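Me: Please walk me through this structure with a few questions and careful answers.

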Amino acid sequence: MSNKYTLPPLPYAYGALEPYIEAQIMELHHGKHQQAYVDGLNAALDKHPQYFEKPLIELLQHIEHLPMDIQAAVRNHGGGVHNHTFFWHLMSIKGGGEPVGKSAEAINDVFGSFEIFKDKLTTSAKNRFGSGWVWLSLDAGGTLVISSTANQDTPLSGGLFPVLGLDVWEHAYYLQYFNRRTDYISAWWNIVNWEQVEENYVTLIG
Ligand code: MN
């Protein structure tokens, strides 16, 4: 099979998000952690190579349709591949500030204000026990919802369509922030790429 997964390039240099996220974290996070998910996904799909032909998003939306012997590996490694690629594009040193465009209007409509939304997502990120992610997604009815997933689970598997995500695994911050997840979350708000959030949102609502 020639359709094996490869590590997608980071859309910026490893040091591009400094001082909020140090280059060494990005180098390990992308070059080692995401690479391991790529390798794990390929190893799983090697057992049933026909699934190399399907978009990863489809596999993650319907994990229950996969052969039992690769469901857990696709959930963990396939989720890891998809979540991290999604996450890299959601950060920019030119980011921060407040949402823009239609996604900004929707955030205000649903949560009342950007500040309320920011508090809620921050609380969800602090409260995620162990390793996981927090998300802003569209539900099937087109309404924005905040949710949290364990490990590398993606909201796609729960019928949601993410527009923003935050990795709160220790590997995302420990080298710089040690056990202070709250400091990492505060720093991350300075690099949220709201233009990308808007693009994700507009693409989904059509
Ligand atoms: Mn990660």
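Me: Into which domains is the protein divided?
Reply: This is a predicted model, in which local features need pLDDT of at least 70 and side-chain atom pairs count only at pLDDT 80 or more, while totals for chains, interfaces and linings use all residues. Residues are numbered from 1 along each chain as its sequence is written, and side-chain values use heavy atoms, with hydrogens and water left out. By an automatic or database domain assignment, the protein is divided into domain 1 (23–88) and domain 2 (101–205).

Me: What area is buried between domain 1 and domain 2?
Reply: The centres of the two domains, taken over C-alpha atoms, are separated by 20 Å. Buried area is the accessible area (1.4 Å probe) that two parts lose on being put together, summed over both. Carbon and sulfur atoms give 63% of the area buried between domain 1 and domain 2, which is about 1,700 Å².

Me: Which residue forms a salt bridge with Arg75?
Reply: A salt bridge is a side-chain nitrogen of Lys or Arg within 4 Å of a carboxyl oxygen of Asp or Glu, and the count between domain 1 and domain 2 is one. With the closest N and O atoms 3.5 Å apart, the partner of Arg75 is Asp153.

Me: Which residues coordinate the manganese ion?
Reply: Donors are N, O and S atoms within 2.8 Å of the metal (3.2 Å for Na, K and Ca), and since water is not among the atoms, sites may look incomplete. Along the chain, the donors of the manganese ion follow the spacing H-x54-H-x82-D-x3-H. At 1.9 to 2.1 Å, the ion is coordinated by His29 (NE2), His84 (NE2), Asp167 (OD) and His171 (NE2).
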